[in-house]
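Let's take a walk through a protein model together, one step at a time. Have the sequence and the 3D view ready, and turn the view as you read.

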Amino acid sequence: MKRNLTENEIEYLEELNLFDNVINVTQTISLNQHGIQTDGRGLRAMKLFTRQTLTGLSLHKLLPRPNKNKSIDEDIWDISSIASLTRNIVEGYISLYYFGIEKISESEAQLRFFILQLHRNVEWYNIRKDVNLEEDELKEFENGIIEQKKRIENHPYLLKLSTNQRKRAIQGVEMYKTKYDFEKEISFCKDLRRDYRHLSNLVHPLPLSIERIDNENGRGIGSSRDISYCMICLMIARRYFAATTIGIADYFEKELAIPFAKDLETIRSLVNKGFTE
């Protein structure tokens with residue numbers, strides 16, 4: 001039996017259509033990125049873009065698709081999972097920007113790579129220590145980490161960072177820039193901390209997430225409130241996913257931005273559509 005879609009469902013489907021457009025262009029770019037000759041930052045950017053593409057496709061499959069020919073409870077509105085994948089897309093874009101497509105000097109790029117190596121090796125060390133790796137192998141890790149820290153402390157670009165950024169760099173924090181820094185540098189990231197907090201509260205079993213569950217909301221049955229939450233997540237995902245695809249294409253202008261200019265033009269406005277300036 002056919003039914004009338006609610007106003008919330010209609011608005012959600014309009015937003016879903018925009019996300020579908022970004023998915024289509026992203027797949028086109030992804031299928032044509034092979035064979036590009038690039039440096040280390042470019043290679044990391046391509047790997048991060050591939051990861052973003054997979055996350056976007058996973059979200060695409062998870063999103064409910066209500067229509068007049070099925071009842072509202074046939075779709076599962078899993079807000080926490082949708083918010084989790086959305087947050088992954090946000091984090092993925094920030095990593096893509098910081099480790100790949102941001103225009104920085106070779107000296108700063110080298111410092112970021114050294115910090116990334118240190119962060120990776122500290123994580124590997126802790127993982128292997130937890131699984132009782134042989135003492136000699138652990139010692140090799142420890143000595144390497146000491147040398148990597150010295151390399152960062154003596155790097156000439158370190159003095160060009162702010163006091164707080166230098167502290168984070170020396171500590172081996174993965175990124176010495178904070179969400180506040182990205183808000184100031186990237187126009188569409190101006191609400192990064194707010195959006196990230198909102199998504200995290202939906203992802204984690206915290207009071208704001210679990211206390212909203214009642215007989216109607218938080219049960220995956222497509223309540224008006226849950227559809228609204230889903231649409232907020234979808235708008236954020238669309239913004240950062242479009243920025244990802246545009247960012248990687250513009251970085252490889254000759255190989256991607258120029259050949260696929262018409263496709264990219266259809267999603268450039270979607271980075272900001274629906275968001276207040």
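Predicted model: local features only at pLDDT ≥ 70, side-chain atom pairs only at ≥ 80, totals over all residues.

We can begin with a pair of helices. Helix 2 and helix 10 are roughly antiparallel to each other. You can find helix 2 at residues 40-62 and helix 10 at residues 224-251, with axes that come within 10 Å and cross at roughly 150°.

From helix 2 come Arg41, Gly42, Ala45, Met46, Phe49, Gln52, Thr53, Gly56 and Leu59, and they meet Ala237, Phe241, Thr244, Thr245, Ile248 and Tyr251 of helix 10. Sorted by class, the contact of helix 2 with helix 10 has 8 nonpolar, 6 polar and 1 charged residues. The crossing of helix 2 and helix 10 is left-handed.

Let's step back for the whole picture. The protein chain has 12 helices and 0 strands, which gives the pattern α-α-α-α-α-α-α-α-α-α-α-α when you read along the sequence. Its C-alpha trace spans about 70 × 45 × 35 Å along the principal axes. Of its 277 residues, 46% count as buried. If you take the contacts between residues at least 6 apart in sequence, 73% of them join residues at least 24 apart.

Back to helix 10, and to its other partners. Helix 8 covers residues 192-203, and it packs against helix 10 at an angle of about 130°, with the axes 11 Å apart. That angle makes helix 8 oblique to helix 10. The crossing of helix 8 and helix 10 is left-handed. On the helix 8 side you will find Leu192, Asp195, His198, Leu199 and Leu202, which meet Tyr229, Ile232, Cys233, Ile236 and Tyr240 in helix 10. The residues of this contact divide into 8 nonpolar, 1 polar and 1 charged.

Helix 12, at residues 261-268, is another partner: its axis and that of helix 10 come within 10 Å and cross at roughly 145°. This crossing, too, is left-handed. Here Ala242, Thr245, Ile246, Ala249 and Asp250 of helix 10 meet Leu264, Ile267 and Arg268 of helix 12. By class, the contact of helix 10 with helix 12 has 5 nonpolar, 1 polar and 2 charged residues.

Next, a look at helix 3 and one of its residues. Leu85 lies in helix 3. Is Leu85 buried or exposed? Buried means under 20% relative accessible area, so Leu85, at 19%, counts as buried. Apart from residues up to four places away in sequence, Leu85 touches Thr55, Ser58, Leu59 and Leu62. Take Ser58 as an example: Leu85 and Ser58 are 27 residues apart in sequence, while their C-alpha atoms are 7.9 Å apart in space.

Now for the aromatic rings. A pair of aromatic rings is described by the distance of the centres and the angle of the planes. A search of the whole structure finds 13 aromatic pairs. One of them joins Tyr98 and Phe99, an edge-to-face pair with 4.8 Å from centre to centre and 90° between the planes. Tyr98 counts as buried, at 0% relative accessibility, and Phe99 is buried with a relative accessible area of 6%. Tyr98 also pairs with Tyr176: the ring centres are 5.6 Å apart and the planes lie at 75°, so this pair is edge-to-face.

What does the pair of Tyr98 and Tyr176 tie together? Tyr98 lies in helix 3 (residues 79-101), whereas Tyr176 lies in the loop between helix 6 (163-171) and helix 7 (179-185), so the pair ties together parts that are 78 residues apart in sequence. Tyr176 is buried, with a relative accessible area of 1%. One aromatic cluster is formed by Tyr93, Tyr97, Tyr98, Phe99, Tyr176, Phe182, Phe188 and Tyr240.

Gln165 sits in helix 6 and is buried, with a relative accessible area of 13%. Leaving aside neighbours within four places in sequence, Gln165 is in contact with Tyr176, Lys177 and Asp181.

Conventions:
Residues numbered from 1 in each chain as written. Heavy atoms only, no water. Axes fitted to C-alpha atoms, helices over the stretch in contact; angles between N-to-C directions. Helix = DSSP H or I, 4+ residues; strand = E, 2+ residues; numbered from the N terminus. Parallel < 35°, antiparallel > 145°, perpendicular 65-115°, else oblique. Left-handed = near helix turned anticlockwise from the far one by under 90°. Contact = heavy atoms within 4.5 Å. Nonpolar A, V, L, I, M, F, W, Y, C, P; charged D, E, K, R; others polar. Phe/Tyr/Trp six-rings, centres within 6.5 Å; stacked < 30°, edge-to-face > 60°. Buried < 20%, exposed > 50% of the residue type's maximum accessible area, 1.4 Å probe, protein only.
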